[in-house]
Amino acid sequence: QVQLAESGGGLVQAGGSLRLACAASGRTGGIFDMGWYRQAPGKAREWIARLSWTNGDADYADSVKGRFTIGRDNGPNAVYLQMNSLKTKNTAIYYCSIRSLDRRHLAPDYWGQGIQVTVSS
């Protein structure tokens, strides 16, 4: 069984920064990518960033490009999300995800429980 544990969320003022971390444990098998999603109140979950485990490429949603950075963290299956210049509309629950090699064209197969990020004005 695979478990993803997110950390680093909390309350920050607009314009500030937060660094989220995610570590996977268990039998992850072959990983295609790890990513981050978020879900704001009353809205659908949206993808914001991914990091390829096969070639190291990082991709970002337009809404966070230039402000957020995803990278590998300490540990074999761990990523971080550095969030700078945060805006009040970035308030959401942030989720870490894993997509296996055999699901590279599908939705992630493993999810963290989510962590709250609140940006105050």
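1. Strand β3 (residues 18–25) and β1 run antiparallel and are joined by five bridges. Within β3, A21 is the bridge partner of S7. Strands here are DSSP runs of E with at least two residues, numbered from the N terminus, and two strands pair if DSSP finds at least two bridges between them.

2. This is a predicted model, in which local features need pLDDT of at least 70, side-chain atom pairs count only at pLDDT 80 or more, and totals for chains, interfaces and linings use all residues. Residues are numbered from 1 along each chain as its sequence is written, and side-chain values use heavy atoms, with hydrogens and water left out.

3. The open sheet has four strands in the order β1-β3-β8-β7, with antiparallel pairing. β1 (3–7) and β7 (68–72) stand at the edges; each has a single partner strand, so one side of each lacks a neighbour in the sheet.

4. R50 lies in strand β5 (residues 46–52). Its relative accessibility of 14% makes R50 buried (under 20% relative accessible area; exposed is over 50%, partly exposed in between; 1.4 Å probe, protein chains only).

5. The R50 side chain makes polar contacts with the side chains of D33 (2.7 Å) and D59 (2.6 Å). A polar contact is a pair of N or O atoms within 3.5 Å; within protein, one must be able to donate a hydrogen and the other to accept it, and residues adjacent in sequence count only if both atoms are side-chain atoms.

6. S85 sits in the loop between β8 (78–83) and β9 (92–100). This residue, which is not glycine, has a positive phi, near 50°. S85 is partly exposed, at 41% relative accessible area.
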